[in-house]
2 protein chains.
Amino acid sequence: MNFIEKLERAQEKNNSLLCVGLDPSLERLPEACRLEPQPYLAFNRALINATADLVCAYKPQIAHYAACGAEAELLATIGYINEKYPDIPVILDAKRGDIGSTAEKYAIEAFERYQADAVTVNPYLGGDSLEPFLKYNEKGVVILCRTSNPGGGDLQSLEVDGEALYLKLARLAATSWNRNRNILLVVGATWPNELARVREVVGDIPLLVPGVGAQGGDLAAVLQAGLDCRGAGLVINSSRGIIYASSGEDFAEAARQAALELRDAINTLRTNV
Amino acid sequence: MNFIEKLERAQEKNNSLLCVGLDPSLERLPEACRLEPQPYLAFNRALINATADLVCAYKPQIAHYAACGAEAELLATIGYINEKYPDIPVILDAKRGDIGSTAEKYAIEAFERYQADAVTVNPYLGGDSLEPFLKYNEKGVVILCRTSNPGGGDLQSLEVDGEALYLKLARLAATSWNRNRNILLVVGATWPNELARVREVVGDIPLLVPGVGAQGGDLAAVLQAGLDCRGAGLVINSSRGIIYASSGEDFAEAARQAALELRDAINTLRTNV
């Protein structure tokens with residue numbers, strides 16, 4: 001089963017387009033977790049157990065682990081999901097990008113070392129830089145297209161051949177690069193107009209949408225702009241709004257409540273589009 | 001002392017524009033290193049000891065360590081250079097790029113965890129994504145501009161506002177983004193014409209040039225195109241051509257010989273430009 005099939009099955013099973021970002025920072029963890037020998041793992045396990053029936057994917061962001069040498073906890077987190085909740089795909093958010101033999105090493109890092117189902121990548125180095133990822137045809141390759149930050153347009157919105165660079169990229173990704181049908185694109189929730197244009201260009205390629213919640217993206221606008229012709233095709237990520245829903249000992253329960261509300265809000269809006 | 005001063009002092013002290021890429025792969029190491037408890041560290045230490053008077057920088061590529069969980073060996077390699085050869089700057093080749101609080105974590109990874117003097121970054125996410133790196137004003141931020149791979153032009157050479165994207169980026173980097181004077185740019189040795197255009201646009205900003213040796217870049221053309229008005233401003237990287245100069249037990253001696261020849265070839269060409 002390839003990544004997109006696995007993702008769609010999880011979306012159907014849990015009736016959910018919600019992805020939870022597992023991006024822990026030590027200073028923000030509840031005290032009970034901070035005192036554990038593996039604080040990030042303890043935090044993540046509680047969050048995963050509390051939300052696994054509500055999400056279509058988990059997305060750990062690797063910098064949060066790499067900044068403090070917690071690779072073992074990232075490995076154990078992904079291992080825990082793969083063992084306890086094998087139906088839920090894991091997207092390793094790493095935004096890797098390099099060339100030739102080095103890109104191969106990054107693909108090994110994501111898919112073999114960490115056993116992720118998909119990885120985020122940066123397209124600035126061109127199509128051949130993505131080949132070492134794309135050739136894992138059971139895995140998903142999630143390409144940055146139009147990112148959610150204010151400066152995202154510095155390069156992405158420059159006009160080339162009469163359209164913005166991010167649209168040109170979306171076209172390249174949807175056509176020449178997608179031979180194995182394992183590409184997804186990242187489009188920030190903060191740019192619903194751009195999201196609509198990407199959707200027009202890429203057909204039913206799934207879009208990973210960060211930027212709801214803390215970054216202020218408008219959920220109704222995202223669904224209006226981003227759903228594919230089947231009323232699906234979106235993976236809507238929330239990290240801080242869920243994992244830090246409470247800073248107390250009830251963090252997992254609060255995370256479940258926040259995830260439930262966001263999943264249901266998405267589903268209500270889906271049926272109204 | 002900031003990164004660019006440290007780099008220029010090392011270039012003068014060792015009369016060298018040569019950077020050696022420390023990109024080990026287990027299957028290519030000499031047997032004596034493979035049998036060590038920390039094979040990459042053993043290999044790197046021997047290479048460093050053999051070349052430290054011939055180079056202006058070392059550039060470990062992080063994927064080679066991350067693919068196999070050898071973060072501790074990368075850390076120890078950089079620690080070894082910082083302790084034994086504190087005049088030689090270390091460029092961590094990581095090609096990181098993300099936004100906001102995540103970019104901050106990547107900057108912590110490079111500059112605090114690994115204690116690198118500089119890090120390579122990917123500009124696709126725009127100026128604000130680079131701020132968390134640039135604000136370390138003693139550190140160097142090496143931005144991908146025109147990469148050496150065949151597909152590098154897929155996005156980088158698209159025409160925007162009457163010039164190629166990589167030139168537009170070079171202009172942005174040299175002006176709006178370089179408030180702390182700690183930016184460098186990556187331009188592949190395989191594109192000497194583009195290198196000349198970047199040099200025109202960026203004045204004396206140092207350029208990191210990979211792609212001589214295994215990738216086939218022409219050294220004479222690189223120097224002709226890339227030297228700044230002082231006959232310097234280049235960091236010419238070679239990895240495989242030096243670290244795998246011999247696969248036998250004489251690998252360190254062979255690496256020294258290869259580094260010496262390349263450094264001297266660069267210097268001969270410099271004086272003829």
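# A tour of the two-chain model

Begin with S3(B) and strand S4 (residues 118-121) of chain B, which pair in the parallel sense over three bridges. Strands pair if DSSP finds at least two bridges between them; helices (H or I, at least four residues) and strands (E, at least two) are DSSP runs, numbered from the N terminus. Within this pair, select Arg96(B): its bridge partner in S4(B) is Val121(B).

The model is predicted: local features need pLDDT of at least 70, side-chain atom pairs count only at pLDDT 80 or more, and totals for chains, interfaces and linings use all residues. Residues are numbered from 1 along each chain as its sequence is written, while chains are lettered from A and ligands numbered from 1 in the order in which they are written.

**H13 in chain A.** Switch to helix H13 (residues 251-272) of chain A. Its 22 residues should span 32 Å at 1.5 Å a residue, and the end C-alpha atoms are 32 Å apart, which agrees. The expected span is 1.5 Å times one less than the number of residues. Buried residues of H13(A) include Phe251(A), Ala255(A), Leu262(A) and Ile266(A); buried means that 20 or more other C-beta atoms, placed from the backbone, lie within 10 Å of the residue's own. Among the elements they pack against are helix H3 (39-51) and helix H11 (219-226) of chain A.

**Around Ala57(B).** Setting aside neighbours within four places in sequence, Ala57(B) is in contact (C-beta atoms, placed from the backbone, within 7 Å) with residues including Leu7(B), Cys19(B), Ile88(B) and Val235(B).

**Between the chains.** Finally, select the 43 residues of chain A that are in contact with 43 residues of chain B. H6(A) gives the largest share of the chain A side, seven residues. The predictor gives the complex an ipTM of 0.97 and a pTM of 0.98.

Methods: Two residues are in contact if their C-beta atoms, placed from the backbone, lie within 7 Å. A residue is buried if 20 or more other C-beta atoms lie within 10 Å of its own, exposed if 12 or fewer, and partly exposed in between; C-beta atoms are placed from the backbone.
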